[in-house]
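Welcome! Here is a friendly briefing to read alongside the structure. Keep the 3D view open and follow along as we go.

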Amino acid sequence: MLDVLNRPAAETTGAEPSEGLSPAPLRPYLILAGVLCGLYFLYSWVQYTHFRTPSWDLGIFGQSVRAYAEFRVPVVDIKGPGFPILGDHFSPVTALLAPLYWIWPSPVSLLFGQAALFAASAVVVGRTTQQVLGSRAAGIGLTVAYGLSWGLQEAVKSDFHEIAFAVPLLALTCRALILGRWTAAVAWSVPLVLVKEDMGLTVAMVGAVLFLKGQKRLGAALAGFGVAAFALTVLVLIPAASSLGQYDYWSKIEKTGQGAETSFGQVIGDALASGERWEMVFYLLAITGFLALRSPLILLVLPTLGWRFLSQDANHWGMHWHYSAILMPIVFLALVDAARSVGTSPRAWLASYGKVVVPVATAVALVLAANLPLRELLKSETYATDVRAEQARAAVDAVPDGASVEADVSLLAHLTADHRVYWVGTSKGATPDYLAFDLRGWGQQVSDPAQLASQLHPEARYEITYRSDGFAVLKRV
């Protein structure tokens with residue numbers, strides 16, 4: 001990646017020359033990236049050690065990366081006994097984390113990997129800003145604004161997801177488009193199809209941007225590749241790997257989630273009438289002072305926004321979770337592209353705005369950051385000893401290494417490195433050695449763990465080996 005940032009402008013081909021780039025030493029951006037990486041990882045580490053897991057995803061990815069690290073087929077029993085994870089989402093790129101897992105065999109290694117990938121993308125965004133706009137203050141300011149952006153902070157809060165790889169790839173793709181390095185733009189965008197199945201449509205949109213910039217043959221070829229990759233993964237590869245024989249996420253659009261099928265017209269109508277969806281778009285553009293709208297790079301957000309607007313799952317609509325992280329490098333580098341282009345605008349007000357938009361974007365980011373997850377790092381109670389966390393840790397310790405265990409969401413990620421782990425909600429067909437319940441659990445309060453065990457597994461008998469106010473561990477007799 002550093003070689004890419006240092007590549008001479010003479011390598012540029014096509015109609016958008018990159019000659020005349022301002023000098024931009026790497027060191028300041030590497031220092032900022034180190035700080036950002038530390039903040040991201042510290043937040044993730046505290047959240048993990050205090051058992052504040054927001055979902056089952058870290059457990060799922062921990063299980064799949066462990067399988068890759070052990071040269072096994074990536075089966076994720078948390079999704080269901082023997083469930084092949086490539087039949088859920090097509091994200092083989094996560095196998096690249098296997099070497100890190102060899103060094104640090106824990107889901108925490110995934111959290112560190114994500115922090116490093118996000119921080120690396122900030123180097124690309126910040127240094128590109130200085131090279132294009134000719135201002136170190138602008139480069140440093142936008143690095144801070146990007147690094148503290150709500151999309152990245154919410155992704156850090158959501159534990160690890162495969163989109164961590166898409167963030168730096170999209171930053172490098174947008175950089176190449178801004179500098180007119182068309183072949184590089186293709187080279188950086190193509191691997192996106194290995195990150196997640198929907199990214200094929202984003203690759204196709206990169207092709208559309210190339211087409212608009214005059215690279216018609218190259219753009220058309222890339223667009224065709226992206227569409228073909230999307231179709232291949234959702235219609236062939238995922239159904240072939242899935243135990244269900246289909247791409248299960250079509251249901252997010254086709255149904256309301258209550259068993260009633262929804263017409264496409266109704267889906268569109270609901271999407272356009274949703275205030276939460278449009279609020280997300282407003283803040284996505286607000287962090288760029290709305291100037292990103294003047295760059296063709298903004299087209300790259302459309303595939304992701306499109307499926308999120310159509311989804312019937314409310315988790316996809318707003319500013320929370322990890323779904324907006326991949327949009328951050330796009331909108332910030334679209335801002336850089338637009339600020340460069342409006343500098344020669346005949347409209348005096350627009351040219352003047354282009355000169356101050358980076359400070360505006362930085363100010364907006366800092367104001368929003370006051371209410372975003374990383375602010376918790378400034379509070380002493382974030383690091384305070386937590387009785388619930390101590391009880392959870394004792395419950396994890398009560399399960400012997402190597403045993404199979406069925407657990408609640410709050411314990412899943414802490415067990416995957418040393419156990420075969422099932423989730424209480426999807427364990428049908430398995431009879432694990434141990435059960436580990438969160439008595440104030442995610443789905444229900446549990447007053448009698450032994451009775452719950454008999455309901456879940458009438459074919460077996462379990463006895464309690466650990467019990468506290470918050471957790472219980474039972475062993476199969």
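Two strands pair if DSSP finds at least two bridges between them. With that in hand, look at strand S1 (residues 404-407) and S3, which pair in the parallel sense over three bridges. Please keep in mind that this is a predicted model.

**The sheet as a whole**

- Five strands build an open sheet in the order S2-S1-S3-S5-S4, and the pairing is mixed.
- At the edges you will find strand S2 (420-423) and strand S4 (462-467), each of which pairs on one side only.
- Neighbouring strands of this sheet are turned against each other by 25 degrees on average, direction ignored.
- Strands of a sheet pair through backbone hydrogen bonds, and the pairing can be parallel or antiparallel.

**Strand S3 and its neighbours**

- S3 and strand S5 (residues 471-476) run antiparallel and are joined by five bridges.
- Aspartate 438 has phenylalanine 471 in S5 as its bridge partner, while leucine 435 has leucine 474 in S5.
- Is S3 buried or exposed? Five of the five residues of S3 (residues 434-438) are buried, so the strand is largely enclosed by the rest of the structure.
- In a regular strand the side chains alternate between the two faces of the sheet.
- In S3, Tyr434, Ala436 and Asp438 point one way, Leu435 and Phe437 point the other way, and all are buried.

**Helices on the sheet**

- Helix H18 (residues 387-397) packs on the sheet and touches S3, S4 and S5.
- The direction of H18 makes about 10 degrees with that of S5.
- Helix H20 (residues 449-456) lies across S1, S3, S4 and S5, and runs at about 125 degrees to S3.

**A pair of helices**

- The axes of helix H2 (residues 27-49) and helix H5 (residues 108-133) come within 8 Å and cross at roughly 150 degrees.
- Angles over 145 degrees count as roughly antiparallel, so H2 is roughly antiparallel to H5.
- The crossing of H2 and H5 is right-handed.
- Residues of H2 that meet H5 include Leu30, Cys37, Phe41 and Trp45, and among the H5 residues that meet H2 are Leu111, Phe112, Val123 and Arg127.

**Cysteines**

- How many disulfides does the count come to? A disulfide is a pair of cysteine sulfur atoms within 2.5 Å, and by this rule the count comes to zero.
- Cysteine 37 is buried, with a relative accessible area of 13%.
- Cysteine 174 also counts as buried, at 0% relative accessibility.

Methods
Residues are numbered from 1 along each chain as its sequence is written. This is a predicted model: local features need pLDDT of at least 70, side-chain atom pairs count only at pLDDT 80 or more; totals for chains, interfaces and linings use all residues. Side-chain values use heavy atoms; hydrogens and water are left out. Buried means under 20% relative accessible area, exposed over 50%, partly exposed in between (1.4 Å probe, protein chains only). Helices (H or I, at least four residues) and strands (E, at least two) are DSSP runs, numbered from the N terminus. Axes are lines fitted to C-alpha atoms, for helices over the stretch in contact, and angles run from 0 to 180 degrees between N-to-C directions. Angles under 35 degrees count as roughly parallel, over 145 as roughly antiparallel, 65 to 115 as roughly perpendicular and the rest as oblique. A crossing is left-handed if the near helix is turned anticlockwise from the far one by less than a right angle, and right-handed if clockwise. Contact means heavy atoms within 4.5 Å.
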